[in-house]
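Please walk me through this protein model.

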Amino acid sequence: CSSLSAAVNAAIGASLGGKRVLVPTSVPRSIEDIYTAAYMRLHMVFVNISRPLGTYSIKHDHSDIAALMGAGCLVFMPESNHDLITAIIQAYKVSEELMMPSIVTVDFANYMESMMPFQEQLAKRFVGKINVHNFDRKQKYFAVPDDNYAEYKKQQHKAMKAASESIDKVSKMWQKKTKQEMPSVEAYKLEDADLALVIAGYHSTTAKASVDKLRSAGKKVGLLRLRVIRPWPSGAIENALKSAKRVAVIDQAVSLGRHGLFYGELNNKSRFSSTVTWQCSCNI
């Protein structure tokens, strides 16, 4: 396709035709098209190489994800290439059950990690045949519905809230078949932690190594990795952080003049502090 917008709209057409689609993106310069796909409740999966908005810098942050947090898409933040493939498999299952798109984000310049691929037949059997019946196949023309905008947004919100249960269900199904989990959050050495770090994405592995180093120095530090940020897993987060005395949020996007992306979501308790970083250079 000649542009990202053309690619997304071609995928919208395929999705309306009942096909399973995967859209690779890098800086979603077609943000409104993604909002449109979400508003139309299409079962699409986007894999986004996260890069800054407004520049072509090889540095990366999560500013594009910040722009899509309210789009009506499920948002997965894998830690590794293995987790990336797992998240894509999970995204298809949940998106097709709830009829809403998913975005799986890869941190730019951190995707050259080698991995052992899944057996193709395992993925095929788990995802299964596509089974969506929301559209009349005899229709020749589709348009974004606007006659009852408020009701459509209400239904999007209802579906997003229901997505947590669907994600957990798919996670249990995957664990039963592979002995591996697909959690919304991952708690790492948090059982007795006085300080909890909160982070998402590929830098989580580096942060875990820092936790190990601090632990070896006698400091009670743990980590909470956010693997799913839409729907926001508030219950799982509160449960994981209930014993921590202090929480530091490592963000890679900032609402300028306000605070970091995840800190804004978490900031309902005074014990939370924010550290905004574009290269994960936080010093504890």
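**Inside the fold**

Start with Leu 224. Setting aside neighbours within four places in sequence, Leu 224 is in contact with Val 185, Glu 186, Ala 187, Leu 190, Leu 197, Val 198, Ile 199, Ile 237, Ala 240 and Leu 241. Contact here means heavy atoms within 4.5 Å.

A word on the ground rules. This is a predicted model, in which local features need pLDDT of at least 70, side-chain atom pairs count only at pLDDT 80 or more, and totals for chains, interfaces and linings use all residues. Residues are numbered from 1 along each chain as its sequence is written, and side-chain values use heavy atoms, with hydrogens and water left out.

Now back to Leu 224. Leu 224 belongs to the largest nonpolar core, which has 42 residues. Met 44, Leu 224, Leu 226, Ile 229 and Phe 262 touch the most other members. A nonpolar core is a set of buried Ala, Val, Leu, Ile, Met, Phe, Trp, Tyr and Cys residues joined through side-chain atoms within 4.5 Å. Buried means under 20% relative accessible area, exposed means over 50%, and partly exposed lies in between (1.4 Å probe, protein chains only). Which elements supply at least two residues of this core each? They are helix H1 (4-16), helix H2 (31-39), helix H3 (63-68), strand E6 (195-199), strand E7, helix H8 (234-241), strand E9 (246-251) and helix H9 (261-266). Helices (H or I, at least four residues) and strands (E, at least two) are DSSP runs, numbered from the N terminus.

Look next at strand E9. Five of its six residues are buried, so E9 is largely enclosed by the rest of the structure. E9 runs parallel to E6, and four bridges join the two. Two strands pair if DSSP finds at least two bridges between them. Leu 195 has Arg 246 in E9 as its bridge partner.

**Charged links**

Turn to the charges. How many salt bridges does a search of the whole structure find? The count is 13. A salt bridge is a side-chain nitrogen of Lys or Arg within 4 Å of a carboxyl oxygen of Asp or Glu.

Take Glu 79. Lys 208 forms a salt bridge with Glu 79, and their closest N and O atoms are 3.0 Å apart. Lys 208 sits in helix H7 (residues 204-216) and Glu 79 in the loop between strand E3 (74-76) and helix H4 (81-98), so the pair ties together parts 129 residues apart in sequence. Are these two residues buried or exposed? Lys 208 is buried, at 12% relative accessibility. Glu 79 is buried too, at 11%.

Arg 225 also forms a salt bridge with Glu 79, with the closest N and O atoms 3.2 Å apart. This pair links distant parts of the chain: Arg 225 is in strand E7 (residues 221-226), and Glu 79 in the loop between E3 and H4, 146 residues apart. Arg 225 is buried, with a relative accessible area of 5%.

Asp 83 forms a salt bridge with Arg 225, and here the closest N and O atoms are 3.0 Å apart. Asp 83 lies in helix H4 and Arg 225 in strand E7, so the pair ties together parts 142 residues apart in sequence. Step back for the wider picture. Glu 79, Asp 83, Glu 186, Lys 208, Arg 225 and Arg 227 are linked in a network of salt bridges.

Helix H5 (residues 120-127) has the buried residues Leu 122, Phe 126 and Val 127. Seen down the axis of H5, they fall within an arc of 115 degrees, so they line one face of the helix. The arc is that of the directions from the helix axis to the C-beta atoms. These buried residues pack against H4 and helix H6 (149-178). The face turned away from the buried side carries the exposed residues Glu 120 and Arg 125. Just after H5, Gly 128 takes a positive phi of about 75 degrees.

**The whole chain**

Finish with the overview. The chain has nine helices and 12 strands. Buried residues make up 49% of its 284 residues. The average pLDDT (the predictor's confidence in each residue, from 0 to 100) is 85, and 85% of the residues score at least 70. Over residues 276-284 the pLDDT is below 50.
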